[in-house]
Amino acid sequence: FLGYHGTSSERTAKIKKHGFIKSNSKSSLPGDLGFGAYFYISRNDNDVPFENASKYVKNIKTRYEDYVIIETVLSIEQDKILDLNDMGTKKVLEEFIEKNYDKIIKSAEKYKRTPAYNRGNFDGVALNIFIKLLGLSVDAAIQDTYTNFDGLYKSSNFKNGREICVKNMNIIDLSNLKVTKI
């Protein structure tokens, strides 16, 4: 996979020096695909993951002084991917969430009352618990998602990108990072 990650020049320098760091905050909710480093990847030949990463960093990460897109190779074994677009995987996860709902809510309560918490989407918490309790060996989770880039729709059933959340930082090729200022 080619992954596209929107960030700042300052953070890019840290990534080049130390690599990507798996988000694993004890105070903030994980992203919708759990803790990890997030990238946009292509869904098909007509997809625009570079543009999605650009829109994301410009419209969501507005605190940055400048914007760059890091392009890198993600070397993942197929059996180490948790594909949340797969109907069978979705069904198993939905059943897990239904059976473990109280545990998920209790786990989510330990996080700060942030806007992410207040919107009530605890998918990342559920996914982290799912992976841990089932003892899954997962290097990355993939899902087609909707990101509110322009403020028009808060949410939508029509997906506008594919995200990958890398959980094993060793699959990210740091030797050939391509950095583009936008």
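Helices (H or I, at least four residues) and strands (E, at least two) are DSSP runs, numbered from the N terminus. The structure is a predicted model, in which local features need pLDDT of at least 70 and side-chain atom pairs count only at pLDDT 80 or more, while totals for chains, interfaces and linings use all residues. Residues are numbered from 1 along each chain as its sequence is written, and side-chain values use heavy atoms, with hydrogens and water left out.

**View A. Helix 6 and the residue that follows it.** Helix 6 has 12 residues and spans 16 Å from its first C-alpha to its last, close to the 16 Å expected at 1.5 Å a residue (the expected span is 1.5 Å times one less than the number of residues). Just after helix 6, Gly135 takes a positive phi of about 65°.

**View B. The crossing of helix 3 and helix 6.** The axes of helix 3 (residues 87-99) and helix 6 (residues 123-134) come within 11 Å and cross at roughly 100°, where axes are lines fitted to C-alpha atoms, for helices over the stretch in contact, and angles run from 0 to 180 degrees between N-to-C directions. The two helices are therefore roughly perpendicular to each other, a term for angles of 65 to 115 degrees. Val92, Leu93, Phe96 and Ile97 of helix 3 meet Ala126, Leu127, Ile129, Phe130 and Leu133 of helix 6, contact meaning heavy atoms within 4.5 Å. These residues divide into nine nonpolar, no polar and no charged (Ala, Val, Leu, Ile, Met, Phe, Trp, Tyr, Cys and Pro count as nonpolar, Asp, Glu, Lys and Arg as charged, and the others, Gly among them, as polar).

View D. At 12% relative accessibility, Thr145 counts as buried. Leaving aside neighbours within four places in sequence, Thr145 is in contact with Lys159, Asn160, Gly161 and Glu163.

Note on methods: Parallel < 35°, antiparallel > 145°, perpendicular 65-115°, else oblique. Buried < 20%, exposed > 50% of the residue type's maximum accessible area, 1.4 Å probe, protein only.
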